[in-house]
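Here are my notes from going through the model, written up as numbered points. Have the viewer open while you read.

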Amino acid sequence: MSLIDSLINSDKTAFSFETLPPLKGNSFTKVCNIIDKLREFDPKYINITTHHSEYIYRETPNGLLEKINIRKRPGTVAIAAAIQNKYHIPAIPHIICKGFTKAETEYALIDLQFLGVHDILLLRGDANKLDKDQIIDPKLNHEHATDLIEQVNNYNKGIDLEGDHFEKPTTPFSYGVACYPEKHEEAPNMESDISFLKKKVEMGAEYAVTQMFFDNSKYFSFVDKCREKGINIPIIPGIKPIVLLSQLTVLPKIFRTDIPEPLANELNKCKSDEEAKQVGIEWCIEQCKELIRYGVPSLHFYTLLATDSVRQIAKAIY
């Protein structure tokens, strides 16, 4: 039974969450601390984000600035394997286009196969954080998630980047993709965005995980539109509890997600981050309860800065 089949056939709404690789120089313990707080809720899988290299400027002893390429959070493949080995929980690493070459992607797939990690999430990745002067060569880099899907499909068939054949994997990769209940920021309209999702499904995506949202009506409307277009894969809601007052303005700006008026009003009354955190927990509990009544197969939590909040929410709904 595939990972997604196990979610669909479960008699209750499943729990999963996303975490980040530790900052360069930090240990696996950072990740373990998060998992240890949440494992009692029987997570069906754990997503591990992937971060491409970025350029930073560092002052040299002579006072000049030196441009340096650095990856702040390396180790996604290794962390995914370590999680599966230590906790026996399926780990799903993100595989992204932006900031990685096709060859680097192929090597990652080879390593994942050796390590027994067969579930992945395929994403375009955030282009905004790439260096503006970086040239994307279509011969070396993928431009869209559909290009990445095609490479994984070929790999599953035993075809490498050069078109040569190799012994195809005994266990092929299964994969999900991202989707956007409030539309991807670069899509001209929702209809266009949904058509791209449908193409990914037709190419083999088994499920989709949404960008965070705070208004369930946006999710319900999005799912209805997808079903009307013949998209019948599970659409897993991505949930993010607010934990800081600043997120009232930061999250809409970065993630293009609306904060519903009732939630915004309550947050505006808060005098501290601790008060905002409690409002975020209470809102998220009610949001999750409504989603469970709707019949979602799983609730997927984004834990960055929010592990303790997610734990309180899970205790209230599971």
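**Notes on the model**

1. Starting with R256: its relative accessible area is 42%, so R256 is partly exposed (buried means under 20%, exposed over 50%, and partly exposed in between, with a 1.4 Å probe and protein chains only). R256 sits in the loop between α8 and α9. Phi of R256 is positive, near 55°, and the residue is not a glycine. As background, most residues other than glycine have a negative phi, and most peptide bonds are trans.

2. Some ground rules. This is a predicted model, where local features need pLDDT of at least 70 and side-chain atom pairs count only at pLDDT 80 or more, while totals for chains, interfaces and linings use all residues. Residues are numbered from 1 along each chain as its sequence is written, and side-chain values use heavy atoms, with hydrogens and water left out. Helices (H or I, at least four residues) and strands (E, at least two) are DSSP runs, numbered from the N terminus.

3. K183 is another non-glycine residue with a positive phi, of about 80°. Look for K183 in the loop between β7 and α6. Its relative accessibility is 23%, so K183 counts as partly exposed.

4. Now the helix pair α10 (residues 273-294) and α11 (residues 307-317). Their axes are 9 Å apart and the packing angle is about 40°; axes here are lines fitted to C-alpha atoms, for helices over the stretch in contact, and angles run from 0 to 180 degrees between N-to-C directions. That angle makes α10 oblique to α11 (under 35 degrees is roughly parallel, over 145 roughly antiparallel, 65 to 115 roughly perpendicular, and the rest oblique). The α10 and α11 crossing is right-handed, that is, the near helix is turned clockwise from the far one by less than a right angle, with anticlockwise being left-handed.

5. Who makes that contact? On the α10 side the residues are K277, Q278, I281, C284, I285, C288, K289 and I292, and on the α11 side D308, S309, Q312, I313, A316 and I317, where contact means heavy atoms within 4.5 Å. Sorted by class, the contact of α10 with α11 has 8 nonpolar, 3 polar and 3 charged residues. The classes are Ala, Val, Leu, Ile, Met, Phe, Trp, Tyr, Cys and Pro as nonpolar, Asp, Glu, Lys and Arg as charged, and the others, Gly among them, as polar.

6. S309 deserves a click of its own. The residue belongs to helix α11 and, at 1% relative accessibility, S309 counts as buried. Leaving out residues up to four places away in sequence, S309 touches P241, V243, K277 and I281.

7. Is S272 buried, or partly exposed? Its relative accessible area is 28%, so S272 is partly exposed. S272 is in the loop between α9 (261-268) and α10.

8. M190, I194 and L197 in α6 meet F222, K225 and C226 in α7. By class, that contact of α6 with α7 has 5 nonpolar, no polar and 1 charged residues.

9. Helix α5 (residues 145-157) passes a length check: at 1.5 Å a residue its 13 residues should span 18 Å, and the end C-alpha atoms are 19 Å apart, which agrees. The expected span is 1.5 Å times one less than the number of residues. Buried residues in α5 include A145, L148, I149, V152 and Y155. Among the elements covering them are β5 (91-96), α4 (102-115) and β7 (174-179). After α5 comes G158, with a positive phi near 85°.

10. Last, Q247 in helix α8 (residues 247-255). At 6% relative accessibility, Q247 counts as buried. Neighbours within four places in sequence aside, Q247 is in contact with K240, P241, I242 and P252.
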